[in-house]
Amino acid sequence: MLLFVLILFAGISFGAFFCGSNGFYYSDKNFCDATCSYPCESLVNADLGLKCDTENYELFLYNPQTNKTIAVTKKKGFWNEFRNLLVIEDVSDNKAGQTIVSYLNTTAWIGLYDPDLSSSYNSSDTSRFVWWDGTHVAYMNWASGEPDNKVLNEDIGVVSPLGEHWVLMKPDGTWADYGKHYNDLQPSRRALVMWRNQLDCVRGFPKTETSTPQDIINMYCGGETPCFLCNAGGELQRCVSDSNGWLCPAGKVKCSQQPACSGGGSYDPSSGKCRVEPKVTCPEGGQYVPERDSCFVSSPVGWTGCPPGYIYDGFGGCWGKPKYTCPPGYRYNPSVKKCESSPSGFSFSCPLNPDRPCVKDGNEYFCSPYDCQDANRIQVINNDTPQGINDIPADGQVTEQGCMGTVYIMNGKDMRCRPPGSQTGLADCCTFEKNWFGLGNCKPEEKYLSRMLYDIEWVGPFPIIKRKNPNNCHYVGEYCAEKWNFLGIIFCAQMKKTYCCFNSPLAKIIHEQGRPQLGIEWGTPRYPNCRGFTAEEFQKLDFSKMDLSEWIEGVVESEIVPEIENRINDVINQIPSQMQ
């Protein structure tokens, strides 16, 4: 369930920008605003450590449909002076490149070239071109009359020394071959380059789709601070505290109790006393001898006198009694040679780990195997994608001349909702059935999706669910939209469910049974494929193999047939009056 691409950020800052009309991510707001039909949305930074080289490149743009970051070089040069040139695999790649060159109103090299330097001058042979990295040439967008490997001066028959074997993109997105011409030995151009992943400067997520530390505090601690949380198998709980520290309620066990000793003493169960080693000192600079529990001083040679408190032993030594000093509250017990006192109270020990704190919860002391951490230190990990990122207009690209793109039949729409999680305040935004009142935390499009999934009858402001109605939407799957890093443990904090929704139940059924015939997949929950059928694909569908019983039982019999019967009855009821 967990995703493996982890995008970490600490704190809220803005860097990347998202364009809702083309689905591209931008590194520059002015660039985004100038090439987007909608207002660009500022995104919260989500760095992964894939830095953008802003010293050599600019105008970074990420195309999620092909997972490429594209940019343009700052310097100009000839084709072979650049590396990692843009490989264009489909129309979305071409649109991404065009977005950059049209913004600059310039031409730029792309990664297509003629490795054999073919001599087919003044002819349009597209087969001579290959992509520099070996990618199959599946998409081409040559300008009218290109490629032509043109003779530059037909009047005098002068041919380009190397021909036109390198391809550039024009501001309108079309391609042309070009070369080192006799009168243009330094055809300097910028180059479009690419990285086959999403770099950090074009990565981010809407602020409303990302939890902040304050959101976490509000959710689990009601806004109160300090807010300490513990992670018990992916479920966060608020910790309780006392002067000893913080306690996680999950997995808590009762601490064992024993008498407490002051002054560094330890409790002796056999005597019921606290004991500590005494401090031993000897008078007159004597040396303590533990074996005899006495103090010793050497007598001067030939003398029999000893210092006060010492007795001569007849062998040149003097022995005396040591002094025993005990900590405050303790008294020396010569029978055990220890300082003793009565316990000062009680202490508690954690049976799970003696180093874990025992915290008072209610009237008893407990410890837990789970650590507590300040909510402000939780790292948010987000790998979400905008809803509708792969959606395609049903009528393709529309210009003043009319429809210029592919027309899609029974086109669908990417729609998503969030089950209970960190972003929804634990409300379920995918169903009225479980938590209608929680939908106050949900987005308008989520409420709309819930209405599509369920047959709702409204009584005043309250919805009554008559039946589940999944006929219009196909469930693609769910994915983890946000994860949290808690003390090095990463767990999913917010899931999302993805649906492809259509205008009618019949369209959904035809998609579910027709796509397998054509080998068209639904994509992934993060990048769903909800597009309709092309005219060619629709003609290939074998409707005789489709089971339409769901539509007949759910729509025809319950809605269409009763409506026809009502109209027939109305006509019959009007017959007597017409015969009079």
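**Salt bridges**

Analyst: Lys 545 is exposed, with a relative accessible area of 66%. Please keep in mind that this is a predicted model.

User: Which residue does Lys 545 form a salt bridge with?

Analyst: The partner of Lys 545 is Asp 542, and the closest N and O atoms of the pair are 3.9 Å apart. Asp 542 is partly exposed, at a relative accessible area of 28%.

User: How many salt bridges does the structure hold?

Analyst: There are 24 salt bridges in the structure. One of them joins Glu 340 to Arg 275, with 2.7 Å between the closest N and O atoms. This pair links distant parts of the chain: Glu 340 belongs to strand E28 (residues 338-341) and Arg 275 to strand E20 (residues 273-276), 65 residues apart.

User: Is Glu 340 buried or exposed?

Analyst: Glu 340 is buried, at 14% relative accessible area. Arg 275 has 23% relative accessibility and therefore counts as partly exposed.

User: What about Arg 531, which residue does it bridge to?

Analyst: Arg 531 forms a salt bridge with Glu 537, and their closest N and O atoms are 3.0 Å apart. Arg 531 is buried, with a relative accessible area of 18%, and Glu 537 also counts as buried, at 18% relative accessibility.

User: What does E6 pair with?

Analyst: Strand E5 (residues 57-63) pairs with E6 in the antiparallel sense over 5 bridges, and Glu 58 has Val 72 of E6 as its bridge partner. E6 also pairs with strand E11 (residues 190-195), again in the antiparallel sense, over 4 bridges. There, the partner of Ala 71 is Val 193 in E11.

User: How many residues lie between E5 and E6 in their hairpin?

Analyst: The E5 and E6 hairpin has 4 residues between its strands, and Asn 67 in the turn has a positive phi of about 55°.

User: Which strands make up the open sheet of 3?

Analyst: Its order is E14-E13-E32, with antiparallel pairing. Strand E14 (235-238) and strand E32 (372-374) are the edge strands, each pairing on one side only. On average, neighbouring strands of this sheet are turned by 40° against each other, direction ignored. Strand E13 (residues 228-232) is joined to E14 by 4 bridges, and Ala 232 stands opposite Glu 235 in E14.

User: And what is the order of the open sheet with 4 strands?

Analyst: That sheet runs E22-E23-E25-E24, with antiparallel pairing. At its edges are strand E22 (287-289) and strand E24 (310-312), and the twist averages 35° from one strand to the next. Within the sheet, strand E23 (residues 294-298) and strand E25 (residues 317-320) pair over 4 bridges. Cys 318 in E25 is the bridge partner of Val 297.

User: Now disulfides. How many does the structure hold?

Analyst: The structure holds 16 disulfides. Among them is the one between Cys 19 and Cys 36, with an S to S distance of 2.0 Å. The torsion about this S-S bond is about 90°, so the disulfide is right-handed. Cys 19 counts as buried at 0% relative accessibility, and Cys 36 counts as buried at 11%.

User: What does the disulfide of Cys 230 and Cys 248 tie together?

Analyst: Cys 230 and Cys 248 have their sulfur atoms 2.0 Å apart. Cys 230 lies in strand E13 and Cys 248 in the loop between strand E16 (245-247) and strand E17 (253-254), so the pair ties together parts that are 18 residues apart in sequence. The torsion about the S-S bond of Cys 230 and Cys 248 is about 65°, so this disulfide is right-handed. Cys 230 and Cys 248 are both buried.

User: Is the disulfide of Cys 255 and Cys 358 left-handed or right-handed?

Analyst: It is left-handed, because the torsion about the S-S bond of Cys 255 and Cys 358 is about -100°. The S to S distance of Cys 255 and Cys 358 is 2.2 Å. Both Cys 255 and Cys 358 are buried.

Note on methods:
Residues are numbered from 1 along each chain as its sequence is written. This is a predicted model: local features need pLDDT of at least 70, side-chain atom pairs count only at pLDDT 80 or more; totals for chains, interfaces and linings use all residues. Side-chain values use heavy atoms; hydrogens and water are left out. Two strands pair if DSSP finds at least two bridges between them. Helices (H or I, at least four residues) and strands (E, at least two) are DSSP runs, numbered from the N terminus. Axes are lines fitted to C-alpha atoms, for helices over the stretch in contact, and angles run from 0 to 180 degrees between N-to-C directions. A salt bridge is a side-chain nitrogen of Lys or Arg within 4 Å of a carboxyl oxygen of Asp or Glu. Buried means under 20% relative accessible area, exposed over 50%, partly exposed in between (1.4 Å probe, protein chains only). A disulfide is a pair of cysteine sulfur atoms within 2.5 Å.
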